[in-house]
Amino acid sequence: MRESIKEVLFSKEEIDRRVKALGAQITLDYAGKNPILIGVLKGCYVFLADIARSIDLDCEIRFITASSYGISTISSGDVKIGMDFDFDISGRDVLIIEDILDSGVTLTALKKFILSREPASLKICTLLDKPARRQAQIEPDYLGFECPDEFVVGYGLDFAESYRNLPFVAILKPEVYE
């Protein structure tokens, strides 16, 4: 698996430090509140677990599926939200936890979907932001790292359901996915 890696972008240690800093900021910003962390499956699962442990507040953790990629490396523009909420978020503070903000198409649709449920507030926390690929007008409220316009894997991010278990974020060699 590691022979498919072109370069490590963010080491486990760098990610750990940044996640702790994000958790501390979220703790300050939501002091006295009980936010709902909504993880966008599947890519968020590692980041969500780490960020939740770094937030020193009582918070709920929930999940949703949403994607515009399928098995491609390029957004189709057609967002599929795979499940509706079986819980009420009206009047609650909601924080979307996402692995990567790329085209912005999926997060824009998800934001609209969540806002229709009338939360008290809605913010976005993403591990990676790839602004070079942005197709929708959306920005994260909490950001781990800005990412170059490369296909990245690891720390929950995948290619064809592989590489999610790498403890770092790395650039995948193009010959693997072309």
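Predicted model: local features only at pLDDT ≥ 70, side-chain atom pairs only at ≥ 80, totals over all residues.
I began with the surface: the accessible area of the protein comes to about 8,700 Å², by the Shrake-Rupley method with a 1.4 Å probe. Carbon and sulfur atoms hold 50% of that surface.

Residues are numbered from 1 along each chain as its sequence is written, and side-chain values use heavy atoms, with hydrogens and water left out.

Next I looked up burial. Of the 178 residues, 48% count as buried (under 20% relative accessible area, 1.4 Å probe, protein chains only).

Then I listed the elements and found 4 helices and 9 strands (DSSP runs, H or I of at least four residues for helices, E of at least two for strands, numbered from the N terminus).

I turned to an open sheet of 3 strands, which has the order 1-9-8 with antiparallel pairing (two strands pair if DSSP finds at least two bridges between them). Strand 1 (5-10) and strand 8 (152-153) are at the edges with a single partner strand each, so one side of each lacks a neighbour in the sheet. I see 4 bridges between strand 1 and strand 9 (residues 169-172), and F10 sits opposite V169.

Last, the backbone. Most residues other than glycine have a negative phi, and most peptide bonds are trans. Yet I found a cis bond between L41 and K42, with omega about 5°. Y155 has a positive phi of about 50° and Y163 one of about 80°. Y155 is buried at 4% relative accessibility, and Y163 is buried at 9%.

Terms used: Buried < 20%, exposed > 50% of the residue type's maximum accessible area, 1.4 Å probe, protein only.
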